[in-house]
Amino acid sequence: MEKTNIERKTFNIEGMTCAACSRNIERSVGRMKGVQEISVNLATNKMTVSFDTEVIKKEDIIERVEKAGFKAKADEKVKVLSIKGMTCAACSRTVERTVGRMKGINTCQVNLASEKMTITYDPEIVRISDVRKRVEKAGFEAVNEIKEDVHAEEKNKEINTLWNRFKISLGFTIPLMIISMGHMVGLKLPQIIDVHHNPLNFALIQLILTTPVLIAGKKFFQVGFKSLIRRSPNMDTLIAIGSSAAYLYGIYAVIMIALGDTDYVMQLYFESAAGILTFITLGKSLEARSKGKTSEAIKKLMGLQPKTAIIIKDGIEEEISIDDVEVGDIILVKPGEKLPVDGVVTEGKTSIDESMLTGESIPVEKSVDSKVIGASINKNGVIKYRATKVGGDTALAQIIKLVEEAQGSKAPIAKLADIISGYFVPTVIVLAVLGGLGWLIAGYSISFALKIFIAVLVIACPCALGLATPTAIMVGTGKGAQYGVLIKSGEALETAHKLNYIIFDKTGTITEGKPKVTDIIANGEYSNEDILKISASIEKGSEHPLGEAIVREANEQKVELWNGEDIKAVPGHGIEGVVNGKKVLFGNIKLMNDRNIEVERLKERAEQLASQGKTPMYIAIEEKIAGIVAVADTVKESSKRAIEKLHGMGIGVAMITGDNKRTAHAIAKEVGIETVLAEVLPEHKAEEVKKLQKDNTKVAMVGDGINDAPALAQADIGIAIGSGTDVAMESADIVLMRSDLMDVPTAIELSKKTVVNIKQNLFWAFIYNIIGIPIAMGVLYIFNGPLLNPMFAAAAMSLSSVSVVSNALRLKGFKPKI
């Protein structure tokens, strides 16, 4: 009989660099008791395991992979859903808690500011339809992520609805205030509704004016009481209970006046019921407008892409929708036009303004074979280019996706507010009841106790707590994108300002990554041209920058190359193979020592070259040293300034490279770096990061290549250079689109500003509630101070949310200090 407890699961593996890694994992996990079958795919970085769930757990497998020196994550899907019906932090907390408890949901984050829920889930255990049902059961609606333009349309509709509700409410509340309070300031009312001559009419006219305000604000009651019934009260619950209590007590007072007890004429709270709803609706309207401004970065990015493209089909120009452009299409772009998608130039020369994506104001020269980015602007020439990335794969689409994900994420600092908001509303209801009962027991009237009860309910503001963090993150990440600094999560945004140490990869990060051949030294029977020809032949097809430099030099000198055979890369050492029937070794001193090649005759010359910041590479033919090819990589213009800036910020800087110590120290000296980690193999870079992370030191790694990916993942913050590989950018927490190292201090500055802004928001949100609630409970009144009118409590509550969002919007003024 077949076992029913056998589970087949796929895991994503991080840190593999070669077949030996995948074999190591297969062997390690395969030996575990309960594992039936295992397969590790190096190309896809995935591991598929069949295991007995009664013997072994998923967590045990992950732990075994980590012990083997890699990282494993269960293959999971990410889904973003738009949540409708949330009004405060208690709502987002309810949705988060309800969905988070579902089996198969690994993580659940709900962002009140963007009204989105991001979940990571196991599709084999839970379906999205189940998640939607669970959200609906909690009293909200979950729909597929709304596109930004549709979302903006809906947001405008919501703002207009709130504004119209406010105008209706205000239209009835103003005359209500005049009638109910006019006599207190000597205002004479018509005799028919005068408090002294016709107390019943005085009360009835207030009831008539208050009722439309309650009808206009019916959504507060619908949502508030539903949430209370479901035992997940929110801000609407507080408003609904407070205004209902005032209104119902007012009706009771009207009945008592009608029965002849005119003392109740001084116990009417209709103006409080109407005032609460009017001020809250105004606050909600202003808050919605402010929140709309926090996502302007996304709107701007969305607006960059043109709607149409001109393609060349059978020699004829044809204008089509950008959605219909396919990979391989030849696109024509004239001066002043925007490029619709990413591609490679096939014809023409021009300069292109890429500032909207990279922040770099100087146009970039483009010619045949140059890569171009969609949404950039063609400045002067006519070009044709072949589309390589369309739709969601373009650089702009990926940037939008990164910014949206970051804006939807949470920073660790938000956890405290999340925990508090979960208990906040029930606590406020309890305090309101205790406050009212306390004054009642102290001998005060029901009317006085009710005033306290209502004031406590409506002054409490869970909104300010809920909006404090996400609004700042939305503005901060959007501002980063504007300067070409893509911060991929709220956690990265918060952690960046805590960095103690930054490690820079050398090639392509500190240096341009486009080295040139500077010296060729022949030894013995071979000429300089022979050395260049053989070394370029073995490096032909190499993706290593030094190898590319040698091939480029040979092509420039029009040297005809041979085809190499049995060519194999020796990681961190060099390359070997057969060229023109001869066995060739080409690489650093380590490779020569490993193969027992005598290099003594050229060692001194190599050391001289290395001391000049050049990288000497030895070539051995038929196991005899034949010469040296020296290559130098130029340092980026911004590297020295960036490192000086980081030192000025009190951050330690190190450089890591596979190059020899002399070359590494020469480059480090040029840019002002004191700590140098040279001759480090790609697979050991992550270990070097780990060493620096001891004693709770926060370390960032800046790199651009595939070999940097494990180190980027290991670091507290991984920073990838935009010109680097997709793998590096995938592993990083921050991506620098301009490949300019001055953007590293910019990212740290932005992190500091955002975290300060979040702390300010949280401080004011907490202080507001800590001070406001006791005042509403009558603490000042005990010491002969004023008693807080529920209407003014509602106004203060609305103001707190608006002030938090407005403070976050101050981040829009951020400018990097260069």
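A: Two strands pair if DSSP finds at least two bridges between them. Strands are DSSP runs of E with at least two residues, helices are runs of H or I with at least four, and both are numbered from the N terminus. The model is predicted, so local features need pLDDT of at least 70 and side-chain atom pairs pLDDT 80 or more, while totals for chains, interfaces and linings use all residues. Residues count from 1 along each chain as its sequence is written, and side-chain values use heavy atoms, without hydrogens or water.

Start with strand S28, residues 699-703. It has partners in two strands. Strand S19 (residues 501-505) is joined to S28 by four bridges, and the two run parallel. Within this pairing, Tyr501 has Val699 of S28 as its bridge partner. Strand S29 (residues 717-721) also pairs with S28 in the parallel sense, again over four bridges.

Now look at cover. Buried means under 20% relative accessible area, exposed over 50%, and partly exposed in between (1.4 Å probe, protein chains only). In S28, five of five residues are buried. In a regular strand, side chains alternate between the two faces of the sheet. Val699, Met701 and Gly703 point one way from S28. Ala700 and Val702 point the other way. Both groups are buried.

Helix H21 covers residues 600-611, twelve residues in total. Its first and last C-alpha atoms are 17 Å apart, close to the expected 16 Å. That expected span is 1.5 Å times one less than the number of residues.

Which residues of H21 are buried? They are Leu602, Ala606, Leu609 and Ala610. These four cover an arc of only 95 degrees around the axis, so they sit on the same side of H21. The arc is taken from the directions that run from the helix axis to the C-beta atoms. An α-helix has 3.6 residues a turn, so residues three or four places apart point the same way.

The buried residues of H21 pack against strands S20 (516-522), S24 (614-621) and S25 (624-632), and against helix H23 (661-671). Contact here means heavy atoms within 4.5 Å. The face turned away from the buried side carries Glu600 and Glu604, both exposed. Just after H21, Gly613 takes a positive phi of about 85 degrees.
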